[in-house]
Amino acid sequence: QVQLVESGGGLVQPGGSLRLSCAASGIIVSINAMGWYRQAPGKQRELVAHITSGSTNYADSAKGRFTITRDNDKNTVYLQMNSLKPGDAAVYYCNAVSPLHYWGKGTLVTVSS
């Protein structure tokens with residue numbers, strides 16, 4: 001079992017930045033990959049960014065603005081989000097694959113002036 005707890009969401013103005021954190025606990029050694037997804041009201045959950053031991057990949061909407069990193073010592077994955085837009089507003093979910101998929105409860109990001 002893997003438990004994931006997100007933090008760092010909040011209200012930010014357009015053009016601002018936020019850093020999301022996802023702390024993992026449980027059977028950490030089994031985790032192959034971690035990622036961030038988001039879901040806006042009325043929309044499907046979508047991948048934002050994904051990280052494995054050797055690579056990262058991003059949704060087109062996140063490229064150049066978001067950066068995913070992982071601190072293995074802290075069992076934590078981060079999502080640095082810069083130049084936020086109103087369209088980035090959503091609940092952001094942390095995901096871990098081990099190979100079962102585990103999800104956190106999400107953290108809300110609101111982008112508004």
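A residue is called buried here when its relative accessible area is under 20%, exposed when the value is over 50%, and partly exposed in between, with a 1.4 Å probe and with protein chains only taken into account. The structure is a predicted model, in which local features need a pLDDT of at least 70 and side-chain atom pairs count only at pLDDT 80 or more, while totals for chains, interfaces and linings use all residues. Residues are numbered from 1 along each chain as its sequence is written, and side-chain values use heavy atoms, with hydrogens and water left out.

The protein contains 0 helices and 11 strands, where helices (H or I, at least four residues) and strands (E, at least two) are DSSP runs numbered from the N terminus. The radius of gyration, taken over C-alpha atoms, is 13 Å, close to the 13 Å that the globule rule (2.2 Å times the number of residues to the power 0.38) gives for 113 residues, and the protein is therefore as compact as a globular protein of that length. Along the principal axes, the C-alpha atoms fill a box of roughly 40 × 25 × 25 Å. Of the 113 residues, 42% are buried. Where contact means heavy atoms within 4.5 Å, residues 24 or more positions apart account for 54% of the contacts with a separation of 6 or more. The accessible surface, computed by the Shrake-Rupley method with a 1.4 Å probe and, for residues, with only the protein chains shown counting as cover, comes to about 6,000 Å², of which 50% belongs to carbon and sulfur atoms.

Strands of a sheet pair through backbone hydrogen bonds, either parallel or antiparallel; in the present analysis two strands pair if DSSP finds at least two bridges between them.

Strand β9 (residues 90-97) is largely enclosed by the rest of the structure, because 7 of its 8 residues are buried. Antiparallel pairing links β9 to strand β4 (residues 33-39) over 7 bridges, and here glycine 35 has asparagine 95 of β9 as its bridge partner. With strand β11 (residues 107-111), β9 forms 3 bridges, again antiparallel, and valine 91 is partnered by leucine 108 in β11. A hairpin of 3 residues connects β9 to β10. Proline 99 lies in the loop between these two strands, and a cis peptide bond, with omega about -5°, joins serine 98 to proline 99.

The aromatic rings were examined with a rule by which rings of Phe, Tyr and Trp (its six-membered ring) pair if their centres lie within 6.5 Å, planes under 30 degrees apart counting as stacked, over 60 as edge-to-face and the rest as tilted. By this rule there is 1 aromatic pair. The pair is made by tyrosine 37 and tryptophan 103, which are edge-to-face at 4.9 Å centre to centre, with 70° between the planes. Distant parts of the chain are linked in this way, since tyrosine 37 belongs to strand β4 and tryptophan 103 to strand β10, 66 residues apart. Tyrosine 37 is buried, with a relative accessible area of 18%, whereas tryptophan 103, at 37%, counts as partly exposed.

The loop between β8 and β9 includes aspartate 88, which at 2% relative accessibility counts as buried. Leaving aside neighbours within four places in sequence, aspartate 88 is in contact with Arg38, Arg65, Phe66, Ser83, Val109 and Val111. Glycine 87 is found in the loop between β8 and β9 but is exposed, with a relative accessible area of 62%. Serine 83, also placed in the loop between β8 and β9, is partly exposed at 40% and has a positive phi near 50°. Asparagine 75, in the loop between β7 and β8, likewise has a positive phi, of about 50°, although it is not a glycine.
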